[in-house]
Amino acid sequence: MKVAIVGASGAVGQEFLRVLDERNFPIDELVLFGSTRSAGRKYTFRGKEYEVQLLKHGDDFKDVDIAFTSAGAGTSKEFAEDITRYGAVMIDNSSAFRMDADVPLVVPECNAEDALNRPRGIIANPNCTTIMMVVVLQPIERLSHIERIHVASYQSASGAGAAAMAELQQQYKDLVEGKEPTVNKFAYQLAYNVIPQIDVFQDNGYTKEEMKMFNETRKIMHTDARCSAMCVRISSLRAHSEAVWIETQQPLTPEQVREALQAAPGVTVIDDPATQKYPMPLFTAGKDDVYVGRIRKDLANDNGITLWLSGDQIKKGAALNAVQIGEFLEQRGEFRK
């Protein structure tokens, strides 16, 4: 199998390389693509050195079976035809195609079969916060239909890329040294702060990130559930967390929910308040699963359950989910000539 990575030098591109290696993804040939800024850089994968090629229009994807792309929505839209023209499957990590009716939006634990119907040869990877939430919601949906979701996300600097992570670290260093911190990646200083805005505001007062959670959840889970989100940037470096309140058609007990989540793929339950055990980004960074705790009844809703989750935004929220889609297609024989 010939595999391409577009945006190989970015935080998610680098995570693609790590995850593909960790999971022993079947690769006979690997090609890396990037912008003029990253073209020429070299990376080692499975003991062999690869040089990043300049992404350009043409026939560079002619023999590619699968392309993992994470170079921004504009780049994905511009090069989608080049990537898919000769039959490559494009698994795109940007927001470019997520809500297009003819592009499946896939989280393998929820709707892997959707990946088999891809008229344009494109499969969209959902937004990171949505991915982690639906992995946890799907087992609960099987117990009783979820009608409403309220969620507050606590999103780390990693959600804005490698440069944002570096800026947060530099801000703490600057402040300790008594210097004025540099602010480029966010509207305000993130160190020692939380910012109740991720992405741009829409006419309804919600941000684009918050509307992604509303729309993407419905598409992935094939549901009419309504999701009201408040997305907040916090000063942790890597891994996002979410406080989630759900209302189901039938009342569920915390024990039912806990049992369903313990049996669910991609979920690890850490829920022992008596010993102060619950998920935190400090411990979920670098891990594959979405971690869940604080599972309890919602005191404001007889049919409500509330819980806390945490997971690695770059891993399950991006690269790992995409690679799992590729694994599902490979297992179904989609790349056998």
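The model is predicted, so local features need pLDDT of at least 70 and side-chain atom pairs pLDDT 80 or more, while totals for chains, interfaces and linings use all residues. Residues are numbered from 1 along each chain as its sequence is written, and side-chain values use heavy atoms, without hydrogens and water.

Tyrosine 278 lies in the loop between strand S12 (267-269) and helix H8 (281-284); helices (H or I, at least four residues) and strands (E, at least two) are DSSP runs numbered from the N terminus.

Next, select helices H4 (residues 128-141) and H9 (residues 315-331), which pack at an angle of about 80 degrees with axes 8 Å apart; axes are lines fitted to C-alpha atoms over the stretch in contact, and angles run from 0 to 180 degrees between N-to-C directions. That makes H4 roughly perpendicular to H9 (65 to 115 degrees). To see the contact (heavy atoms within 4.5 Å), show Cys128, Ile131 and Val135 of H4 with Lys316, Gly317, Ala318 and Asn321 of H9.

Now move to alanine 163 in helix H5 (residues 162-176), partly exposed at a relative accessible area of 47%.

Finish at threonine 253, in the loop between strand S11 (240-248) and helix H7 (254-262). Threonine 253 is partly exposed at 34% relative accessibility, and its C-alpha is 43 Å from that of alanine 163.

Terms used. Angles under 35 degrees count as roughly parallel, over 145 as roughly antiparallel, 65 to 115 as roughly perpendicular and the rest as oblique. Buried means under 20% relative accessible area, exposed over 50%, partly exposed in between (1.4 Å probe, protein chains only).
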